[in-house]
Amino acid sequence: RAVAMSVSHSSRLNKLVREQYMRLPQDGRVQVTYVWIDGSGEGVRCKSRTLDKEPKSIEDVPEWNFDGSSTAQAEGSNSDMFLVPVCMFRDPFCLDPNKLVLCEVLKYNRKPAETNLRHTCKKVMDLVKDSHPWFGMEQEYTLLGINGHPYGWPDNGFPGPQGPYYCGVGADKVYGRDIVESHYKACLYAGVKICGTNAEVMPSQWEFQVGPCEGIEMGDHLWMARFILHRVCEDFGVVATLDPKPMTGNWNGAGCHTNYSTEEMRREGGLKHIEAAIEKLSKRHDYHICVYDPRGGRDNSRRLTGHHETSNIFEFSAGVANRGASIRIPRQVGQDGYGYFEDRRPAANCDPYAVTEAIMRTTVLNETGVETKDYAEH
């Protein structure tokens with residue numbers, strides 16, 4: 001009974017009845033679900049429409065609009081916002097030929113909405129495209145019951161101390177694997193570049209990895225993977241939170257470690273380029289902390305304490321195979337002399353567009369200080 005009470009009512013509807021309708025033919029028409037980031041900078045929204053034929057490219061998907069006053073993105077007196085399709089995926093929920101389409105949000109005057117961080121990220125990625133930046137982001141998240149309590153935890157109390165849960169196996173060590181495996185398959189079907197998953201250090205906490213992705217593709221694919229995660233969780237009646245520290249006390253927080261390399265870092269002798277990039281990052285720590293969570297570092301201050309496999313938010317550090325550093329160079333990279341490095345500072349609820357843009361501004365465009373340069377005129 002305790003387990004049943006922790007899931008949503010809609011998840012208990014008869015899914016076999018739903019399947020009867022989902023098998024009905026569509027007579028050549030296609031359902032397209034538009035997905036966008038709302039005014040919180042963390043939440044995703046969606047709505048669907050019918051197209052007369054299957055879109056073969058993103059150019060075949062028309063712009064649309066929505067009521068921005070209901071998503072904290074506009075006032076009621078001038079509430080229409082534009083949805084501009086930017087990246088298309090297969091729909092793992094309604095199946096082929098239906099589509100999921102990630103959209104940028106523009107205001108009534110065609111300027112990007114405040115939480116549309118893709119717009120400037122795309123400009124920066126276009127500027128640095130000759131360096132061929134590759135990213136891989138490790139998205140940690142925590143499963144909660146509908147009551148807000150970590151899924152599978154005792155109603156009154158806590159599970160045993162951390163230790164047996166990371167990459168664990170067994171009913172007493174992992175909670176919610178059905179959700180994780182369903183999400184993985186759904187991402188593969190959709191065409192999201194998901195590349196792995198594992199149970200994390202805190203029980204009911206998990207991680208999936210997306211990448212390698214080049215340039216703007218990183219943000220596009222991670223945001224769609226997040227949308228699919230929330231949608232899968234909806235079917236199972238639980239909640240996925242990206243809060244960087246969902247449980248206070250002696251429990252690990254949740255990050256979004258970002259692996260990064262340029263073409264010259266991946267070549268023989270690339271370690272010197274990795275070290276040069278880390279040196280640039282070391283001089284711009286405050287700027288990066290400000291953009292690595294949606295609240296200017298306040299969320300990360302709960303997580304980056306110097307404990308639980310994190311660095312201290314006030315200090316920059318780097319090291320080989322050091323999970324307590326701001327930047328980790330994998331041991332294999334240190335041995336080979338080329339490869340990539342990992343920025344362990346981004347919070348689980350970061351905007352991947354903001355993170356990847358900041359890394360490029362600092363390491364390739366050589367920006368310094370806390371101000372960013374406007375490249376709009378170029």
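This report describes the nonpolar cores, a surface patch and the salt bridges of a predicted model.

In soluble globular proteins, nonpolar side chains tend to be buried together. Here the largest nonpolar core has 72 residues, and Tyr-141, Leu-143, Val-192, Met-224, Ile-228 and Phe-341 have the most contacts inside it. Helix α5 (residues 217-236) gives the most to this core, with 10 residues. Both domain 1 (13-114) and domain 2 (123-362) supply at least three residues each.

A second, separate core has 14 residues, among them Val-30, Tyr-34, Trp-36 and Met-81. Returning to Phe-341, its contacts beyond four places away in sequence include Tyr-260, Met-265, Ile-274 and Pro-330.

## Surface patch

Val-17, Tyr-21 and Leu-24 make a nonpolar surface patch of about 310 Å². Val-17 lies in helix α2 (residues 15-22). Its relative accessibility is 40%, so Val-17 counts as partly exposed.

## Salt bridges

The model has 25 salt bridges. One of them pairs Arg-118 with Glu-104, with the closest N and O atoms 2.9 Å apart. This pair links distant parts of the chain, Arg-118 being in helix α3 (residues 118-127) and Glu-104 in strand β5 (residues 99-106). Arg-118 and Glu-104 are both buried.

Within helix α5, Arg-231 and Asp-235 are four residues apart, about one turn of the helix, and their side chains form a salt bridge (2.9 Å, N to O). Arg-231 is buried at 18% relative accessible area, whereas Asp-235 is partly exposed at 30%. Another salt bridge joins Arg-361 and Glu-367 (2.7 Å, N to O); Arg-361 is buried at 5%, and Glu-367 is buried at 9%. Shared partners connect Glu-42, Asp-243, Arg-295, Asp-299 and Arg-302 into one salt-bridge network.

How values were computed:
Residues are numbered from 1 along each chain as its sequence is written. This is a predicted model: local features need pLDDT of at least 70, side-chain atom pairs count only at pLDDT 80 or more; totals for chains, interfaces and linings use all residues. Side-chain values use heavy atoms; hydrogens and water are left out. A nonpolar core is a set of buried Ala, Val, Leu, Ile, Met, Phe, Trp, Tyr and Cys residues joined through side-chain atoms within 4.5 Å. Buried means under 20% relative accessible area, exposed over 50%, partly exposed in between (1.4 Å probe, protein chains only). Helices (H or I, at least four residues) and strands (E, at least two) are DSSP runs, numbered from the N terminus. Domain bounds come from an automatic or database domain assignment. Contact means heavy atoms within 4.5 Å. Patches are made of residues with over 30% relative accessible area and no salt bridge: like charges are joined within 9 Å, nonpolar side chains (Val, Leu, Ile, Met, Phe, Trp, Tyr) within 5 Å. Accessible areas come from the Shrake-Rupley method with a 1.4 Å probe; for residues, only the protein chains shown count as cover. A salt bridge is a side-chain nitrogen of Lys or Arg within 4 Å of a carboxyl oxygen of Asp or Glu.
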